[in-house]
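Here is a short briefing on some side chains in one protein model. Look over the sequence and the structure first.

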Amino acid sequence: MKKLLTAALAAILALSALALTACAPKTVVVDDTAVIITPSDKILAITDDSVLADYMNKLVERGELEFTAADGMVTSIGGKANTTNSYWMLYTDDTQYSNADWGTTEYDGKTFQSATLGYGELPIKAGCTYIWVYQTF
């Protein structure tokens, strides 16, 4: 009976760990032409001083994102680098820090405008979405 209870407890603990892992917040979706970031306080405490670079660096620490930057500009994401005429462009639905001057992109039935600040200065807000799109001009 003791072995049965021990085995049952081990199974319950294993299933609980699996359930907790499955419920861990996933705030980034990455493919070879787009990265969608939805900040969450569960990943990084979002304050008035938090910028997108802080959040992206936290995602790197967690193994959820890979990117490089130079001179305040993201130069590659997931190993896909900027070229002479192809770049990672940043869009957001945060109307305070976006406009359509550099274009728009569509995602999930919603229009996102180009960010007015670089990733190192762009304040992040819970509930807003930030999208990097690899575009050729």
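Helices and strands here are DSSP runs, numbered from the N terminus. The model is predicted. Glu 64 sits in the loop between helix 2 (52-61) and strand 3 (67-70). The points below take up this residue, then the aromatic rings.

**Glu 64**
- Glu 64 is buried, because its relative accessible area is 18% and the cut-off for buried is under 20%.
- Its side chain makes a polar contact with the side chain of Arg 62, at 2.6 Å.

**Tyr 107 and Phe 112**
- The model has five aromatic pairs.
- One of them joins Tyr 107 and Phe 112, with 6.3 Å centre to centre.
- Their planes stand 55° apart, and the pair is tilted.
- Tyr 107 is partly exposed, with a relative accessible area of 34%.
- Phe 112 is buried, at 2%.

**Tyr 119 and Trp 132**
- The ring centres of Tyr 119 and Trp 132 lie 6.4 Å apart.
- Their planes are at 70°, so this pair is edge-to-face.
- Tyr 119 lies in the loop between strand 8 (110-115) and strand 9 (130-136).
- Trp 132 belongs to strand 9, so the pair ties together parts that are 13 residues apart in sequence.
- Tyr 119 counts as buried, with 11% relative accessibility.
- Trp 132 is buried too, with a relative accessible area of 5%.

**The ring cluster**
- Which residues do ring pairs link into a cluster? They are Phe 67, Tyr 119 and Trp 132.

Conventions. Residues are numbered from 1 along each chain as its sequence is written. This is a predicted model: local features need pLDDT of at least 70, side-chain atom pairs count only at pLDDT 80 or more; totals for chains, interfaces and linings use all residues. Side-chain values use heavy atoms; hydrogens and water are left out. Rings of Phe, Tyr and Trp (its six-membered ring) pair if their centres lie within 6.5 Å; planes under 30 degrees apart count as stacked, over 60 as edge-to-face and the rest as tilted. Buried means under 20% relative accessible area, exposed over 50%, partly exposed in between (1.4 Å probe, protein chains only). Helices (H or I, at least four residues) and strands (E, at least two) are DSSP runs, numbered from the N terminus. A polar contact is a pair of N or O atoms within 3.5 Å; within protein, one must be able to donate a hydrogen and the other to accept it, and residues adjacent in sequence count only if both atoms are side-chain atoms.
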